[in-house]
Amino acid sequence: MLTHQLLILLIIGYIVYTIDIKKNFFPVPVVLVAIGLGLSFIPYFAGFNISKDIIFNVFLPAMLFTSAYQFPLKQLRENAGIIISLSTLGLILTVVLLGLSIYLAGGVFTGLSITAAFLLAAILTPTDPVSVTAILKESSGAEQIADVVEGESMINDGTSIVFFTIFLTMYQTGNGFSLGKFTMELLLVSIGGAILGVAIGWLMSKTIRFTHDKKYQVMLSVIGAYGAFYIGEAIGVSGVLATVAAGIFVAYEMGKEIKEDTLPQSLDGFWDIVTPILLAVLFLLIGIRGAEYLAFSGWWFAIVIFLLAVLVRFLVIALFIYGVPKWKHEFNNDFSTITLTAWSGIKGAMSVALLLWLEETASGQDQVLISLAFAAIVLSLVIQSIGIYPLSKVLKNLQ
């Protein structure tokens with residue numbers, strides 16, 4: 001039965017991608033999640049589930065590796081400062097401000113502990129640009145903003161997991177927050193993951209020379225993408241950052257030393273097929289899985305949380321751009337840049353993975369927290385994805 005259901009999901013994904021020719025007014029993730037919500041009411045799909053382990057072990061390594069090795073190195077070098085700042089210091093500030101905001105807002109709706117508020121903030125902090133970057137480039141020509149959003153997303157997926165695990169432990173045990181412990185764990189996990197990824201990327205770039213058969217070179221890229229993730233998680237460092245670093249290093253080596261012009265095309269030919277398949281199934285499953293949590297009475301609070309997430313992201317980005325003269329000068333229209341960058345911070349695969357992680361360890365009293373997070377993620381996917389095209393057009397016309 002599972003294989004039959006999966007085949008149907010692939011057919012649905014194929015139809016949606018085929019309709020989405022221009023990639024302007026038709027954000028694919030929104031449509032797929034909406035279809036998934038509809039499928040949840042069909043008994044045939046009742047037992048079709050997705051877990052945190054499936055997202056982490058099957059979907060994320062491939063999507064992260066593809067994003068990393070296809071990310072233009074020139075844009076990465078040019079925007080490295082703001083990308084790293086937003087995905088580290090910016091992420092810390094976002095979690096703090098959003099957690100405090102959710103805690104204060106919770107007093108009006110339903111009471112949340114300060115730890116639960118910060119846990120919710122950690123779940124909603126990772127960004128997932130998916131099709132947004134393509135829409136940004138085509139609708140407004142905002143290529144630099146799209147590159148910043150995509151680059152930030154690759155790195156903050158790794159750092160956000162550290163925040164989540166710390167706040168989850170605090171939430172479940174009631175232990176206090178230790179700044180020293182947090183800093184040490186963040187540095188160990190992040191730097192360790194990056195070093196591991198570079199090592200695996202270097203090994204891949206050397207090993208790939210032993211054969212000229214493109215099939216086996218592509219096979220090696222699969223081994224490297226998943227191997228970096230699994231090894232990183234096994235030794236206690238960030239598998240996400242290891243996979244990202246491996247992908248970036250492979251791209252660097254392909255552009256620098258490996259002279260086979262057909263190798264990038266071979267890798268693209270494979271990963272450009274695999275990634276849409278994974279994304280289609282993932283977002284359909286998110287819709288199917290999330291439906292049971294969306295029938296609750298806390299929608300007004302969920303809407304407030306969604307708005308707070310956008311507002312806090314706007315304020316953090318504004319602080320970085322206005323606060324650093326180089327970036328203020330670099331981005332000509334500050335308001336448009338801040339607005340588009342903030343609005344492009346859509347919640348997606350990583351937020352859902354963290355939420356399912358919470359669900360697997362949660363008790364019955366955490367139902368409200370899980371529902372609030374799922375609702376906020378769905379609102380982000382729908383409203384921000386649909387709104388990015390008209391918003392970019394309006395801001396472009398105002399310039």
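Let's start with how α3 passes α17: the crossing is left-handed, meaning that the near helix is turned anticlockwise from the far one by less than a right angle. Contact here, heavy atoms within 4.5 Å, involves K52, D53, I55, F56, L60 and M63 of α3, and on α17 A349, M350, V352, A353, L354, L356, W357 and E360. Sorted by class, that contact has 11 nonpolar, no polar and three charged residues. Helix α3 covers residues 52–70 and helix α17 residues 349–361; they pack at about 160 degrees, with axes 9 Å apart. The two helices are therefore roughly antiparallel to each other, a label for angles over 145 degrees.

A quick word on the model. It is predicted, so local features need pLDDT of at least 70 and side-chain atom pairs 80 or more, while totals for chains, interfaces and linings use all residues. Residues are numbered from 1 along each chain as its sequence is written, and side-chain values use heavy atoms, leaving out hydrogens and water.

A cavity is a set of points on a 1 Å grid where a 1.4 Å probe fits but cannot get out, and lining residues have an atom within 4 Å of a point. How many cavities of 30 Å³ or more are there? The count comes to two.

The largest cavity has a volume of about 140 Å³. Its lining has 16 residues, with G90, T94, T125, E152 and R313 nearest the centre. Helices α5, α6, α9 and α14 each supply at least two lining residues. By class, the lining of this cavity has seven nonpolar, six polar and three charged residues.

Technical notes:
Axes fitted to C-alpha atoms, helices over the stretch in contact; angles between N-to-C directions. Helix = DSSP H or I, 4+ residues; strand = E, 2+ residues; numbered from the N terminus. Parallel < 35°, antiparallel > 145°, perpendicular 65-115°, else oblique. Nonpolar A, V, L, I, M, F, W, Y, C, P; charged D, E, K, R; others polar. 1 Å grid on protein atoms, 1.4 Å probe; cavity = no way out; pocket = protein on both sides within 12 Å on 5 of 7 lines; lining within 4 Å. Points joined across faces, edges and corners; volume = space filled by probe spheres on them.
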